[in-house]
Amino acid sequence: MTSVGIIMGSTSDWETMRHAAETLEALGVAHETRVVSAHRTPQRLYDYATTAADRGIKVIIAGAGGAAHLPGMAASMTHLPVLGVPVESKALKGMDSLLSIVQMPGGIPVGTLAIGKAGAINAGLLAASILSLSDEDLAERLKDWRQRQTDGVANDPQG
């Protein structure tokens with residue numbers, strides 16, 4: 001059963017959003033990926049968001065650049081947690097995306113992560129953390145992942 005839905009506004013967003021997918025894969029979390037544009041495919045967005053829970057999705061990670069309406073629009077159509085990843089844009093380096101995602105009106109929350117790759121990785125980790133509340137095996141895998149990360153940090157800067 002799929003646990004996490006990763007959606008993005010265009011295929012060009014995959015370069016960023018693949019890091020969320022790779023993080024989930026490393027943790028053994030089932031997920032799906034789709035291109036769902038708030039502006040170009042509004043019916044696809046509606047269908048995706050309104051049926052996600054019935055299809056086994058428990059958390060949605062939505063990445064978008066520019067006006068970045070995708071995470072907020074998805075959040076407005078589902079009770080599921082939505083994690084927004086601002087994709088770096090050429091014009092404003094992702095600040096436009098960040099501000100569009102983070103400035104949601106009260107009542108429509110979107111958990112907003114960092115711009116770009118770091119945000120996508122952290123979205124994967126946050127989704128896994130949310131799911132681990134009801135999945136002890138995933139909780140252990142997440143703890144192991146974090147321990148490996150800690151163990152990978154050198155004590156001596158000169159090696």
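User: How close do the axes of helix H5 and helix H6 come, and at what angle do they cross?
Analyst: Keep in mind this is a predicted model. In it, the axes of H5 (residues 117–132) and H6 (residues 136–151) come within 8 Å, and the crossing is at roughly 140°. That angle makes H5 oblique to H6.

User: Is that crossing left-handed or right-handed?
Analyst: H5 and H6 cross in a left-handed way.

User: Which residues make the contact?
Analyst: From H5 you've got Leu125, Ala128, Ser129, Leu131 and Ser132. H6 puts in Leu138, Ala139, Leu142 and Trp145.

User: And how does that split by class, nonpolar, polar and charged?
Analyst: The H5 contact with H6 has seven nonpolar residues and two polar ones, with no charged residues.

User: OK, over to H1 and H5. What's the geometry of their axes?
Analyst: H1 covers residues 14–26, and its axis comes within 7 Å of the H5 axis, crossing at roughly 30°. The crossing of H1 and H5 is right-handed.

User: Who's touching whom there?
Analyst: On the H1 side, Thr16, Met17, His19, Ala20, Thr23 and Leu24. On the H5 side, Lys117, Ala120, Ile121, Gly124, Leu125, Ala127 and Ala128.

User: How many of those are nonpolar, polar and charged?
Analyst: For H1 with H5, count eight nonpolar, four polar and one charged.

User: Switching topic: how many aromatic pairs does the structure hold?
Analyst: Zero aromatic pairs.

User: What about arginine 55, where does its charged end sit?
Analyst: Over the ring of tyrosine 48, with the charged end 4.6 Å from the ring centre.

Notes. Residues numbered from 1 in each chain as written. Predicted model: local features only at pLDDT ≥ 70, side-chain atom pairs only at ≥ 80, totals over all residues. Heavy atoms only, no water. Phe/Tyr/Trp six-rings, centres within 6.5 Å; stacked < 30°, edge-to-face > 60°. Lys NZ or Arg CZ within 6 Å of the ring centre and 35° of its normal. Axes fitted to C-alpha atoms, helices over the stretch in contact; angles between N-to-C directions. Helix = DSSP H or I, 4+ residues; strand = E, 2+ residues; numbered from the N terminus. Parallel < 35°, antiparallel > 145°, perpendicular 65-115°, else oblique. Left-handed = near helix turned anticlockwise from the far one by under 90°. Contact = heavy atoms within 4.5 Å. Nonpolar A, V, L, I, M, F, W, Y, C, P; charged D, E, K, R; others polar.
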